[in-house]
Amino acid sequence: MSEAIVASQVPGTDLASVPGASGARQFWRRLRTQRAALVAAGVVALLVLFALAAPLLTAIEGQDPTTYHPSLIDSARGGVPVGSFGGVSGDHWLGVEPQTGRDLFARLVYGARVSLGVALGATVVQVLVGVVVGIAAALGNRWIDQLLSRITDIFVAMPLMIMSLALLAIVPSSFPRPLLVALVIGLIAWGNTAKIVRAQTLTLKGLDYVSAARLSGWNTWRIARRELLPGLAAPVITYAALLVPMNISAEAALSFLGVGVKPPTPSWGQMLTAANVWYQAAPQYLLLPAGALLVTVLALTVLGDGVRTALDPRAASRLRVGTGRKREAKADADSKKAAADASAEKAAADVDSKKANADASANADASANEEGKA
């Protein structure tokens, strides 16, 4: 079945949202017109590069995230780093931790690997489980749909933080903690993804080309793979792009509460937990991970909005940067003014036409009267 039919019949989807060469080119062209999304994509790419290159960057600095440096700590002042700006120097680019003397730059870049890795892993789990459950509910019979929908409602109603605290507290410490956090977040928070996929699948299920595939003898799995998944790509990709910043915040919150990634493995949430008593004596210890979290979540949110708008160009972007809004308002005002001018000209033309018709009618009556007298 042609991809153009999918694009034309799915609500909120056009040709650019359908996988394919031409659709991908249109998607990238639309995404490039959004300056905010491009800046956000550059920031995200830079953060990912820093995370992947953490061993190389720390090797260039000559430090690692776990080595203690007691000589850089002033024990007489309670463990405050020696020197200005938290011990910033040529050997320690962002200073050192209070009490331990561990290098802050090394812990920050290694923490990016953990935070981004956990968020991406949790997003993959959420999308996989949500897509499978949503499609199964939409294509199953009434009993399967009811059962899966009620299970989905239960998971949607579950408080993520409380359930994660309970599960993470009972799992043995020998299990890899970053993997465990990603699995817990993903296996608890997939409900909204399943609801979106089920609703979109029900819409696609009623279209003519899906009915034709069913009548031709295709089984359910083949219909889902060949006909439904291409139409589900746009909403799933859009929602997944918005899930990543939410999962980063969830991992940071769990680490902040002490049940996330365990020391000595660094993560931004764990660094915030240790820095909550040092915000006056060593403010950079708190500001660095908090600033990294803020920039990452903001960039991913703006990028997710750009992806949503590029996949569905009819939906106006909720985040606008620069003078785009002013230009749009000016264009709207110009179009309204042009419409008003055209309406006024049409009204004037109608008045002139009516006047001309009245004059012609009067002249014809006068001529008829004169002919009658004659």
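Reader: Hey, which hand is the crossing where H11 passes H12?

Author: H11 passes H12 in a right-handed crossing (near helix turned clockwise from the far one by less than a right angle; anticlockwise is left-handed). Helices here are DSSP runs of H or I, at least four residues, numbered from the N terminus. This is a predicted model, where local features need pLDDT of at least 70 and side-chain atom pairs pLDDT 80 or more, while totals for chains, interfaces and linings use all residues. Residues are numbered from 1 along each chain as its sequence is written, and side-chain values use heavy atoms, leaving out hydrogens and water.

Reader: What about H7 and H11, how far apart are their axes?

Author: 11 Å, at an angle of about 55 degrees, for H7 (residues 160–170) and H11 (residues 220–256). So H7 and H11 are oblique to each other too, and their crossing is right-handed. Leu160, Met161, Ser164 and Leu168 of H7 meet Ala250, Ala253 and Leu254 of H11. Six of the contact residues are nonpolar, one is polar and none is charged.

Reader: Switching over: what's the packing angle of H3 and H13?

Author: About 135 degrees, with 8 Å between the axes of H3 and H13. That makes H3 oblique to H13, and the crossing is left-handed. The contact includes Ala36, Ala40 and Leu47 of H3, and Val295, Ala299 and Gly306 of H13. The whole H3–H13 contact has twelve nonpolar, two polar and no charged residues.

Reader: Now pockets. How much space lies in the second largest pocket?

Author: About 250 Å³. A pocket is an open set of points on a 1 Å grid where a 1.4 Å probe fits, with protein on both sides within 12 Å along at least five of seven lines; lining residues have an atom within 4 Å of a point. The volume is the space filled by probe spheres on the points.

Reader: Which helices each supply at least two lining residues?

Author: H3 (35–52), H5 (104–139) and H13 (283–311). The pocket has 14 lining residues, with Leu47, Phe50, Leu108, Trp268 and Ala292 nearest its centre.

Technical notes: Axes are lines fitted to C-alpha atoms, for helices over the stretch in contact, and angles run from 0 to 180 degrees between N-to-C directions. Angles under 35 degrees count as roughly parallel, over 145 as roughly antiparallel, 65 to 115 as roughly perpendicular and the rest as oblique. Contact means heavy atoms within 4.5 Å. Ala, Val, Leu, Ile, Met, Phe, Trp, Tyr, Cys and Pro count as nonpolar, Asp, Glu, Lys and Arg as charged, and the others, Gly among them, as polar.
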